[in-house]
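Open the structure in a viewer and keep the selection panel at hand. The stops below go through it one selection at a time.

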Amino acid sequence: MNLKRSINQVAAIAKTDFLGVLRNKTAIFFTLLFPLFFIVIIGFTFGQSGEEGLSRIAVGVVNLDGELVAVNVTDSFNSTIGDLFVQALESVNFTVTGYGEYGDRDTNGTAAYAISRGDIDAILVIPANFTETLSFQYTNNLGVPVATKSHLEIYVDPTDTTGALITQQSVLGFISGFIKEYQEIALKQAPPDLKAYIEVVADPLTISISEADVTGAELQWIDYMVPGTLGLVLIWSGLNHASMTIATERTKGTFQRMVIAPVSPTVVLLGKLISALAIVYMSAFIMLLSGVLLFQVNLYWNIPVIVLGIFLGALSAIGIGLIISSLAKNEEAANSISVIISVPLQFFIGAFFPLSIMPEAAQDFGEALPFTKLVNAMQDVMTRNLPFDAVIPEMVYLAVSGLILFLVGTIAYRISMRRL
Amino acid sequence: MNDIEVDSVTKRFEDMVAVDNLSMTVEKGELFGLLGPNGAGKSTLTKMISGMLNPTSGTIKVGKYSIQDDPMKVKEILGVVPQDIVLYDYLNAKENLAFYGRLYGLSGRKLKNRIKELLQFTQLDEKAMKRHVSTYSGGMKRRVNIAAALLHEPQVMLLDEPTAGLDPQNKHALWKIIQSLKKQGKTIVLTTHMMDEAEELCDRVAIMDKGKIIALGSPSQLVKKVKMENTITVVPDKTSPSLIEQIKSIAGVKNAYTVPDENEKRETIKVITDNPDDILPDVVSTIVNTGTKVLSVQLSRVTLEDVFIMLTGRSLRE
């Protein structure tokens, strides 16, 4: 009997809260349409191109130079010039991230995985014989250096044609400069009688440029952006709505009237949670549908994982919203705090721009946000068609942060009950 | 039998004492008024009775339940009409009532019938009720506000300034609703700072000031505490001792005399009585029958406002 009554109360609160959004033009705009407005503007502006004009190109380096290589039947592990090469790369405005192996797009922690999710723009593989080749260690029986080539591999992101071209040219430009400098030093150090010979030998690099294995389909930036905007949904529909709901009811007095009815605080909270979740899912549906209809994006629909991801992410958003709503003095204060948090936050979640173009501190901040984890997970699942296993780390992060933030939100809500 | 028992209740907000060691009881079926200026502690007291605030000390019982020990039981038998209109303005009246009804455990046909009954009881037009509350007049909103508190047929009602901001017509319409609630046997606590409302509606009135009850009794008992009398002041075109004697002989007249009116350079007749409304026609006809013209008549009644001024030296509206 009591359970039936509580369910009836939860349903009444959720329905009333939900109607509060549907029947309020301003709320509809900010909760449902504002994220859509964003996707349309940014999608049409940048959707068909890429990241051209980026001043910092993120290069993932797989430096194999220290690995075992046989030189004149002797084992060598020398990585001196490979390390110098990486240092030089870092000094000319590239953002360099080191990886242990090239790997594949489904294996987290590998360079291929990073480029497939847009974390880096290119991969540079430095071969194991890099130092040995460039320091003329390969000799004939007479001890005279022989012409040996070291093969550098460059991989670019094929989903962004223009961006890949810029990246490719930038990396090639750097390598060319490095070789030129190397040749000058080699020639200076060469004995006079071998100068002519060294001039031929000291062209030790061959370079290949390949497309990284991002996905089987031909993808564009918008294909990543559409699932990425689910992060925006959490911010604008989850965080923003939740931050207003209790503050508004407290300002209007309806919250007090709920409190004087035989309704437990938990029932009120559950009603608000269900309403907020309904709004988040509705907004997510509108966003994804609009993305499909407006930009013809090619997405994979792993519905259970998408629903689960949104739910876990929404817990964080609603938790933060509850904290704001409970602690703000009134509706206006809650609105101001919410806008101050939401507006900058949306640029740190990697939905529109890759975090790699941001300063390191901003990247760390963005990576710590649960909304960024949702963006990453949804891009993996919906754009790259990765299975659930591939996004388990993100899902665990979302679950833990969601539970913590929702718990803190609940405590803040309970505290706010004392000042009716 | 008491429906509300407030025993030695104090409420402090940091250094400020809003309710100061206050005790009172409200009998079953009684319409009890809490009268006092803003800041007297009326709203704090009603918030504690309704469970919105916890007393710093003391105990409160509603029906047979303690608000501290059995808050849910108290909420089941209590209907609260807040001072502000507390409705969702994006819902219509029926949707608002359905929402509050469901909070009180009503559903289905029972809820539907109860809403219909209340719309009739509060004389709300069913067609108009389909519009959003934001389009209603102040009087309509007030009536929906009251209906929302009646859905679960509460035994005890707290009405916090239910007629605040209403025009006289709507105010009297709401008074009729409150009087019919009393006729239904409900126990009602009415907070107000309008003395006419307290005099018209309440069986007993507690006058509050600075968190304490400074006077308690029926409106007539309280009025008697003031050493002032009800007076009929008549300005005739002429007076005579015989006219004064004739007025004195009217049943219900305690005294009659003339005082000079310096401005008009004529005499004014003062008639002292307990029932000025009842004897006014006799006084006027007595004067007119002597061939004297009546230029003006004024009634001066002792009110609860006078009681409050006598007790505190301040007006209710200060």
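Begin by colouring chain A by its domain assignment, which gives domain 1 as 2-48 + 220-419 and domain 2 as 57-211. The centres of domain 1 of chain A and domain 2 of chain A, taken over C-alpha atoms, lie 45 Å apart. Keep in mind throughout that this is a predicted model.

**Chain A as a whole**

Show chain A as a cartoon: 16 helices and seven strands are there. The radius of gyration of chain A is 28 Å, well over the 22 Å that the globule rule gives for 420 residues, so chain A is more spread out than a compact globule. Of its 420 residues, 47% count as buried. Take the contacts in chain A between residues at least 6 apart in sequence: 80% of them join residues at least 24 apart.

**Chain B as a whole**

Switch to chain B, where the secondary structure comes to eleven helices and 14 strands. The box for the C-alpha atoms of chain B, along the principal axes, is roughly 75 × 50 × 35 Å. Chain B has 318 residues, of which 42% count as buried. For contacts in chain B with a separation of 6 or more, residues 24 or more positions apart account for 68%.

**Where the chains touch**

Now show both chains and select the residues in contact between them: 21 residues of chain A meet 20 residues of chain B. On the side of chain A, helix H1 (2-22) and helix H10 (254-259) are the elements that give two or more residues. Which of them gives the most? H1(A) does, with seven residues. Colour the chain A side by residue class, and it divides into nine nonpolar, eight polar and four charged residues.

In soluble globular proteins, nonpolar side chains tend to be buried together. Here the largest nonpolar core has 146 residues, and those touching the most other members are Leu230(A), Leu234(A), Ile318(A), Leu97(B) and Ile188(B). Select helix H12 (residues 303-327) of chain A to see the largest share of this core, twelve residues. Then centre on Leu230(A) and leave aside residues up to four places away in sequence: Leu230(A) touches Ala284(A), Met287(A), Ile310(A), Leu374(A), Val375(A) and Met378(A). There is also a second, separate core of 35 residues, which includes Ile123(A), Leu134(A), Val171(A) and Phe174(A).

**Helix H3 of chain B**

Select residues 93-103 of chain B, which form helix H3. Ten of its eleven residues are buried, so H3(B) is largely enclosed by the rest of the structure. Among the buried ones are Glu95(B), Asn96(B), Leu97(B), Phe99(B), Tyr100(B) and Arg102(B). What do the buried residues of H3(B) pack against? They pack against H1 and H10 of chain A, together with helix H4 (108-121) and helix H5 (138-150) of chain B. Step just past the end of H3(B) to Gly105(B), which takes a positive phi of about 90 degrees.

**Helix H5 of chain B**

Move on to H5(B), a helix of 13 residues. H5(B) reaches 19 Å from its first C-alpha to its last, close to the 18 Å expected at 1.5 Å a residue. Eleven of the 13 residues are buried, so H5(B) too is largely enclosed by the rest of the structure. The buried residues include Met140(B), Lys141(B), Arg142(B), Arg143(B) and Leu150(B). Show their surroundings: the buried residues of H5(B) pack against strand E6 (78-81), H3, H4, strand E7 (156-160) and helix H6 (168-183) of chain B.

In helix H6 of chain B, pick Lys171(B). Lys171(B) has 19 other C-beta atoms within 10 Å and is partly exposed. Not counting residues up to four places away in sequence, Lys171(B) touches Thr163(B) and Leu166(B). Draw a distance from Lys171(B) to Pro71(B), 100 residues apart along the chain: their C-alpha atoms are separated by 32 Å.

Finish at Gln123(B), in the loop between H4 and H5 of chain B. Is Gln123(B) buried or exposed? With 12 C-beta neighbours inside 10 Å, Gln123(B) counts as exposed. Gln123(B) and Ile177(B) are 54 residues apart in sequence, while the distance between their C-alpha atoms is 9.2 Å.

Definitions and conventions:
Residues numbered from 1 in each chain as written. Chains lettered and ligands numbered in written order. Predicted model: local features only at pLDDT ≥ 70, side-chain atom pairs only at ≥ 80, totals over all residues. Helix = DSSP H or I, 4+ residues; strand = E, 2+ residues; numbered from the N terminus. Rg over C-alpha atoms; globule rule 2.2 N^0.38 Å. Buried ≥ 20, exposed ≤ 12 C-beta atoms within 10 Å, placed from the backbone. Contact = placed C-beta atoms within 7 Å. Nonpolar A, V, L, I, M, F, W, Y, C, P; charged D, E, K, R; others polar. Core = buried A, V, L, I, M, F, W, Y, C linked by C-beta atoms within 7 Å. Domains from an automatic or database assignment. Expected span 1.5 Å × (residues − 1).
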